[in-house]
Amino acid sequence: MNLARYARYRYFPLCLGGVFFAIMASIPWLLNEAGAPGSGIAQLDMLNKIGIYALLALSLNIILGQTGLFHMGHTAFFAVGAYATAILNTMYQWPVFSTLPVAGLLAALFALLVAVPIIRLRGDYLLVVTIGIVEIVRICLTNNIFGITGGANGIFGIARPVIFGLAFSSPRQQYYLIWGFTGITVILFYLLEHSRFGRALNYIKQDELAAAGCGINVARYKLAAFCLGAFWAGMAGTLYAANIRSIEPTSFNFFESVIIFAIVILGGAGSITGVILGAFLLIGLQDVFRDFSSARMLIFGAAMIAMMVFRPQGLLPARRRHYGARRYLGKFPCAVRRQCGAAYNPYAEDEGDCV
Amino acid sequence: MSLLSLQNLLKSFGGLVAVAGVSFDVDEGSIVGLIGPNGAGKTTVFNIITGNYRPDSGDVVFDRNDITGRATHAIVRLGIARTFQNIRLFQNMSVLENVLAGCHCRANAGLFSAMFRTPRQRSEERRAVEHAMRELAFVGLEHRHDNQAGSLSYGNQRLLEIARALASAPRFLILDEPAGGMNEQETADLTELIRAINDRGITLLLIEHDMNLVMQICRKLVVLEYGAVIAQGTPADIKRNPKVIEAYLGIDC
């Protein structure tokens, strides 16, 4: 029984990941088999869009889901990354792929600049300020700040990414690029979640004062979460710019921030699988319900309300981490005689799942 | 030699003077009790020591370092740990993870070593889990390591808070009403535990209303009333002090 339990928490994520990987990897082939050549293109484009949103939501999840910072301005970092790639590529002829780290770094730097003064704000105050940041960025882009953002028209003619001589131009190639990147992100973020750093973020989310009382530098970890989330959003911006090939300020409005925020909350704050499911539902279903046109947002809104009433923790809430600590049972001395006595029953008064 | 020395601490909130010139010393290796009626400013003194409040004037000297007004997390790293009067556990996390929080300041692994699982990060993590389990066993909660912290009984939650504080390897431990809400048996266990902590060489300062417990384990008592120290000395002296009897202990004590 113990072995089964061990296997469940140890290998479940691996199995889930493997199955998901196999499905995702075979989708382009399945779509192509279904009809005439080129028939699955609309679906692939939709999946690429979902991939970008999944990336954005995963990066916001670090800030909102793990650290509990109400940040509704994530599109601002996304915009910084996308424009960094567009400008470097079209004006300075950098290859798109080499702008990826630069876009991330610029977004992280921007996040650091705006976050330092506001990091001590609590909940709702932070929310209002981050909403302001998105609007400031959008208006700056529209007004052609520094004369390099192309104003309201945006920037056209961004090149396709080329990696080791392999050009990612068709929707199918784009699909593998975007979802491959998302896959790597999931693995890195999973490892991060299961570490001292990830736990520190969770402690801050649960009780800031107690976290500080445990020796955690709360302000520094919050800033680190902000910058990491922004770094990934910036890189998502690069992928977006390379996928869509022309960007304009309206793509980075406040509503996009709200959607990403909703993906994290509805999917399950702090849960990687939940966030990816959220991206599929919120972005994918928008397309499925397109035929209902005007009623679409109504259904969408009603579903959100129902979710928040009946399942406020999200569709797939975060799972508890396990540490294989059973092997230390009975190894260390106890200071309280009664608790260590033979009559001691570990399952006596407390409820909860004992392993 | 005194490990902690408070010198003329003053702290007011608006017009209310919560702490009015408090001075006392805590000797290394001793157990000191801070007692007094509700609202006397005991918890405020604790919050000043741990850096949650900055005093208006006065100094906190720990091991010959002036730590007045330093950040809480830096003070924990110097070796001062605490528990809270109104239990502040990470309720939705496991018992073990709560103790791992205490281990945080004795480890270094950061963002990159976590993402790339360096060998050093792995061994540090293993050591942290082992250390946390050692502290859990010490307070008698090792079998509950995988339970949710919020599901523990009230007395066990207090023990868990102590384990979490111990995990930060403190030299000085501050307990804010550790026996609050405990029954007689649990209080007896707690007495035993506090003695065992002291035997590990950890100096303790505690606020407690259970006079039985305080008189049994404390070597020195400090009595606060209206933010000022009205008496300090051995439990036997304090019991006989007329000012303390009037202010706090009551006539028939």
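Across the interface of chain B and chain A, 20 residue pairs turn up in polar contact, both partners at pLDDT 80 or more. Keep in mind that this is a predicted model. The two chains bury about 5,300 Å² between them, and the count of salt bridges between chain B and chain A is three. Below is a quick run through the interface, then a look inside chain A.

**How much touches**

- On the chain B side, 59 residues are in contact, and they meet 55 residues of chain A.
- Of the area buried between chain B and chain A, 56% is on carbon and sulfur atoms.
- Three residues stand out on chain B: His104(B), Met115(B) and Asp146(B) supply 14% of the area that chain B buries against chain A, more than any other three residues.

**Charged pairs across the interface**

- One salt bridge links Arg321(A) to Glu97(B), with the closest N and O atoms 2.7 Å apart.
- For context, a search of the whole structure comes back with eleven salt bridges over all chains.

**What chain B brings to the contact**

- Six helices of chain B each give two or more residues to the side that touches chain A: helix 2 (72-78), helix 3 (95-103), helix 4 (111-115), helix 5 (119-139), helix 6 (154-167) and helix 7 (184-199).
- Helix 5 of chain B gives the most here, with eleven residues.
- Sorted by class, the side of chain B that touches chain A has 23 nonpolar, 20 polar and 16 charged residues.

**Two helices crossing in chain A**

- Helix 2 (residues 41-66) of chain A packs on helix 10 (residues 254-267) of chain A at an angle of about 70°, and their axes are 9 Å apart.
- Angles of 65 to 115 degrees count as roughly perpendicular, so that is the label for helix 2 and helix 10 of chain A.
- From helix 2 of chain A, the residues involved include Tyr53(A), Leu56(A), Leu60(A) and Leu64(A).

**A salt bridge within a helix of chain A**

- Arg138(A) forms a salt bridge with Glu135(A), and the closest N and O atoms are 3.0 Å apart.
- Both residues sit in helix 5 (residues 123-142) of chain A, and because they are three residues apart there, about one helical turn separates Arg138(A) from Glu135(A).

Terms used:
Residues numbered from 1 in each chain as written. Chains lettered and ligands numbered in written order. Predicted model: local features only at pLDDT ≥ 70, side-chain atom pairs only at ≥ 80, totals over all residues. Heavy atoms only, no water. Contact = heavy atoms within 4.5 Å. Buried area = accessible area lost by both parts, 1.4 Å probe. Salt bridge = Lys/Arg side-chain N within 4 Å of Asp/Glu carboxyl O. Polar contact = N/O pair within 3.5 Å; in protein donor to acceptor, adjacent residues only side chain to side chain. Helix = DSSP H or I, 4+ residues; strand = E, 2+ residues; numbered from the N terminus. Nonpolar A, V, L, I, M, F, W, Y, C, P; charged D, E, K, R; others polar. Axes fitted to C-alpha atoms, helices over the stretch in contact; angles between N-to-C directions. Parallel < 35°, antiparallel > 145°, perpendicular 65-115°, else oblique.
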